[in-house]
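Dear colleague,

Please find below the structure that I am handing over to you. I would be grateful if you read the notes that follow with the structure open beside them.

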Amino acid sequence: MTQWLPLFSSLVVAFVVLVGVLITNRTNRRAIDAADERGSIALEAAQRNVAAVNAAAEERSRSALEAAQRNTEAAEQREHEKWRRESVLAAVTALLETSATVRQQLSSQDFTYLGEIDRFGLDLHESIEQCTGSVTRLRILSSPRIPNRCEDLLRTLTAAANITVQKLTLTLDGEATADDLDDIRTLWHKAIASVVEQELSVVKAARTELGLEPLPAPERVTAPSAA
């Protein structure tokens, strides 16, 4: 019996060790499984955070891009509007300058021969005809009111030019009566006054289109005296 005691003791120790190993392995396995689960949870959380960060970054980039596009479009629109206003102003100014020049010519001419009067009339109509380009540009760039007023001015200016030619011709006509001369001079005064009124109408329409303050109440315009 004594001889078998060490063997039994060894078996008992081995069994205890085996049980301890099994228990340790089970504990380690549970710890590993728990660690794996925690790692999976942490990984999923990290992935969700990365996805959220990426989504937020994409949203910020998209918002910044859209804002930049809006700013670019707004800047382009401002530049286009500036160009349009400058073009409208240039066209109206050119037409009014021509009208003022022609009106001045209508008021300060004196001829000796009928041929000179005919040439003068043709030059007037040529100057007025050149304004049609400005009217066309205004048709494209502005509201209809401005080109409509400009056309009214050109028609009135043409009529005044025709009346001026008639007045100058009657002046050289030895058979013209005093009443004929008085009638044509009265008509000429009315035509010149109408031209001035139409010029003012164009100015008012242009100022409205460009957003400028209205003109002050105009002073009464006196037509120039007949030659």
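A residue counts as buried under 20% relative accessible area, as exposed over 50%, and as partly exposed in between. Please keep in mind that this is a predicted model.

By that definition, Gln-109 is partly exposed, because its relative accessible area is 22%. Gln-109 is located in the loop between helix H1 (5-106) and helix H2 (114-129). Although 55 residues separate Gln-109 from Thr-164 in sequence, their C-alpha atoms are 9.2 Å apart in space.

Thr-164 also takes part in the packing of two helices, H2 and H4. The axes of H2 and H4 are 10 Å apart and form an angle of about 175°. Angles over 145 degrees count as roughly antiparallel, so H2 is roughly antiparallel to H4. On the side of H2, the contact includes Leu-114, Ile-117, Phe-120 and His-125; on the side of H4, Leu-154, Ala-161, Asn-162 and Thr-164 are among the residues involved. The residues of this contact comprise eleven nonpolar, six polar and no charged ones.

Is Ser-142 buried or exposed? Ser-142 counts as buried, because its relative accessibility is 12%. A polar atom of the Ser-142 side chain lies 2.7 Å from the backbone oxygen of Leu-138. Leaving aside residues up to four places away in sequence, Ser-142 touches Arg-84, Val-88, Pro-147 and Glu-209.

Yours sincerely

Conventions: Residues numbered from 1 in each chain as written. Predicted model: local features only at pLDDT ≥ 70, side-chain atom pairs only at ≥ 80, totals over all residues. Heavy atoms only, no water. Buried < 20%, exposed > 50% of the residue type's maximum accessible area, 1.4 Å probe, protein only. Polar contact = N/O pair within 3.5 Å; in protein donor to acceptor, adjacent residues only side chain to side chain. Contact = heavy atoms within 4.5 Å. Helix = DSSP H or I, 4+ residues; strand = E, 2+ residues; numbered from the N terminus. Axes fitted to C-alpha atoms, helices over the stretch in contact; angles between N-to-C directions. Parallel < 35°, antiparallel > 145°, perpendicular 65-115°, else oblique. Nonpolar A, V, L, I, M, F, W, Y, C, P; charged D, E, K, R; others polar.
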